[in-house]
Amino acid sequence: MEKIIEGKTISVNEEGYLTNFTQWDKNIGEAISKEVNITLTPRHWQVISYLQDEFKKESPLSIRKIGKSGVVDIKEFYALFPNAPLKTATKIAGIPKPASCI
Amino acid sequence: MKKIVILGAGTAGTMMANHLHHELDKKEWDITIIDEREKHYYQPGYLFLPFDMYEPEEIVKEIKDFIPKGVQLLSGKIEKINAAGNLVQMENGDQLPYELLIVATGAKIAPEETEGMKGKEWQQSVFDFYTFEGALALRDKLRQWEGGRLVVHITEMPIKCPVAPLEFAFLADSFFKHKDMRSKVDITYVTPLSGAFTKPKATAALDHLLHEKNITIESDFAIAEVDNENKKIIDYGGREIPFDLLVTVPTNKGDELMERSGLGDDLNYIPTNKATLQSQAYPNIFVLGDASNIPASKAGSVAHFEAEILTENIKHFIKGEPLKEEFDGHANCFIETGNGKALLIDFNYTHEPVEGEFPFAGIGPLRLLKESRMNHMGKLAFKWIYWNVLLRGTHIPFVSATMQESGKHFSAT
Ligand SMILES: Cc1cc2nc3c(=O)[nH]c(=O)nc-3n(C[C@H](O)[C@H](O)[C@H](O)COP(=O)(O)OP(=O)(O)OC[C@H]3O[C@@H](n4cnc5c(N)ncnc54)[C@H](O)[C@@H]3O)c2cc1C
């Protein structure tokens with residue numbers, strides 16, 4: 001699927017996650033955050049860049065791991081991205097929704 | 001003599017002992033298997049114990065009855081793997097050298113990871129069914145429970161047999177109906193996932209079943225604590241779910257011996273190549289069953305498929321040949337849905353569970369992702385197959401170690 005954000009055509013999946021991280025930039029992150037009613041602060045951006053770094057290292061993400069990252073604790077992570085923080089934060093960060101293995 | 005040491009004589013270790021005993025030259029290789037227990041537990045039976053559907057005796061047997069003569073069975077707790085020195089260290093100080101090590105120490109529950117879980121309500125109104133003791137205590141509770149709010153809960157993924165808590169919720173529905181008290185019980189299914197399961201088509205089918213059985217689902221719930229005073233679970237976002245009876249699957253972890261040996265990840269699982277089953281850190285250490293970190297289901301059926309492929313790879317390794325990247329994450333699980341019915345799912349790393357027929361395309365007799373009595377018979381037959389076929393390392397006719405695409409309706413939506 002394709003979607004136009006901030007005048008740029010980007011590819012996304014059915015749930016609205018970017019399928020090509022190279023198409024992401026800060027404006028796109030801002031635009032997605034508005035769709036999910038979050039106002040991004042510098043603290044949000046710190047968490048987002050941590051998630052993107054982990055994604056680039058191909059290291060799988062989980063709530064547990066973020067809690068132990070030293071970047072943010074789980075309580076604050078929830079405060080920043082309410083309800084389902086990992087899903088929301090990865091969407092804004094332009095990386096895939098973490099697949100919990102089964 | 002060269003030495004192979006197998007750590008853990010549960011599902012996976014026992015299968016490997018049988019395969020290797022059969023395949024390797026006994027004049028050249030000496031095989032030892034170690035476990036701290038004397039008994040082998042059929043863990044899929046833990047699902048049925050709480051509902052008085054199995055007797056405890058049916059699911060416990062002696063480990064030694066399943067280890068072939070000629071393989072040395074050693075009883076004791078493993079303290080540490082000294083991987084650089086090719087040595088296994090026992091708690092009693094003994095040391096065992098090896099040329100090749102197979103790790104099959106499984107996974108276990110760690111309720112202490114969640115604040116308040118092992119509090120004063122543990123085994124009063126908070127139970128697990130992932131241990132023999134837990135399942136028995138829950139059976140005794142359910143025998144006299146008079147109803148209220150039953151909350152079935154998963155703490156975090158990954159867990160062994162990820163469908164077991166769903167099956168528990170379905171069987172509970174059926175159990176209370178038969179006891180004529182379903183109207184007195186409110187069942188809620190609480191999961192950290194976004195739906196009943198991780199893969200879309202199975203999630204849709206299972207969400208539908210939950211709805212049909214009047215089970216409420218609460219998704220995306222990441223538990224922060226169990227509040228023993230007020231009997232509720234609270235998540236990091238502040239969401240609260242009250243309970244009268246909480247049946248939880250605590251965090252699952254690999255054995256602490258991995259932490260002591262510096263071989264595990266943050267949940268004590270060993271980083272392992274998902275196609276060859278060789279550990280990432282040491283070429284002469286192989287891992288199968290629940291102990292590895294590969295993104296496959298932690299299930300007995302998976303261990304069975306892995307054991308067939310790992311046996312071949314060990315033969316390649318011994319001959320100095322390249323390993324085959326053959327394991328595809330194949331899993332095959334029955335899902336009890338209550339009232340004498342079950343679903344069957346068959347999938348791998350790349351193919352999600354879909355509808356179809358198994359094992360013969362167009363024929364079955366088992367139906368994939370659809371409820372049927374035949375599937376339930378399959379689930380019950382699994383106990384016999386486990387003790388008599390799987391553990392002995394015998395190949396199951398018509399069921400290959402890698403997943404078959406025929407008989408599966410991939411395009412159907
Ligand atoms: C409730 C429930 C239902 C399930 N239902 C199904 C199902 O329907 N179908 C299915 O396929 N699978 C099912 N499973 C999963 C299945 O039981 C496991 O995946 C399987 O047993 C894994 O085998 P394993 O050999 O890796 O671990 P295990 O069988 O757990 O064996 C590990 C062994 O290692 C030993 N050990 C560990 N650490 C040490 C140490 N330090 N020193 C000495 N010994 C040690 C333990 O004593 C144990 O005997 C279910 C599991 C549960 C809990």
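This passage describes two interfaces, one between the domains of chain B and one between chain A and chain B.

The model is predicted; local features need pLDDT of at least 70, side-chain atom pairs count only at pLDDT 80 or more, and totals for chains, interfaces and linings use all residues. Residues are numbered from 1 along each chain as its sequence is written, chains are lettered from A and ligands numbered from 1 in the order in which they are written, and side-chain values use heavy atoms, with hydrogens and water left out.

Chain B is divided into domain 1 (2-108 + 253-318) and domain 2 (109-252). These bounds come from an automatic or database domain assignment. The C-alpha centres of the two domains of chain B lie 30 Å apart. Contact, defined as heavy atoms within 4.5 Å, involves 21 residues of domain 1 of chain B and 26 residues of domain 2 of chain B.

The size of an interface is often given as the accessible area lost when the parts come together. Here, buried area is the accessible area (1.4 Å probe) that two parts lose on being put together, summed over both. Domain 1 and domain 2 of chain B bury about 2100 Å² between them. Carbon and sulfur atoms account for 69% of that area. On the domain 1 side, B:L47, B:P50 and B:F51 lose the most area to domain 2 of chain B. Together they give 30% of what that side buries.

A salt bridge requires a side-chain nitrogen of Lys or Arg within 4 Å of a carboxyl oxygen of Asp or Glu. The rule finds 2 salt bridges across the interface of domain 1 and domain 2 of chain B. B:E113 forms a salt bridge with B:K253, with the closest N and O atoms 2.8 Å apart. The side of domain 1 of chain B that touches domain 2 comprises 14 nonpolar, 2 polar and 5 charged residues. In this scheme Ala, Val, Leu, Ile, Met, Phe, Trp, Tyr, Cys and Pro count as nonpolar, Asp, Glu, Lys and Arg as charged, and the others, Gly among them, as polar.

Between the chains, the contact takes 12 residues from chain A and 23 residues from chain B. The area buried there is about 1400 Å², with 59% from carbon and sulfur atoms. The rule finds 3 salt bridges across this interface. A:R64 forms a salt bridge with B:E156, with the closest N and O atoms 2.7 Å apart. The side of chain A that touches chain B has 5 nonpolar, 2 polar and 5 charged residues.
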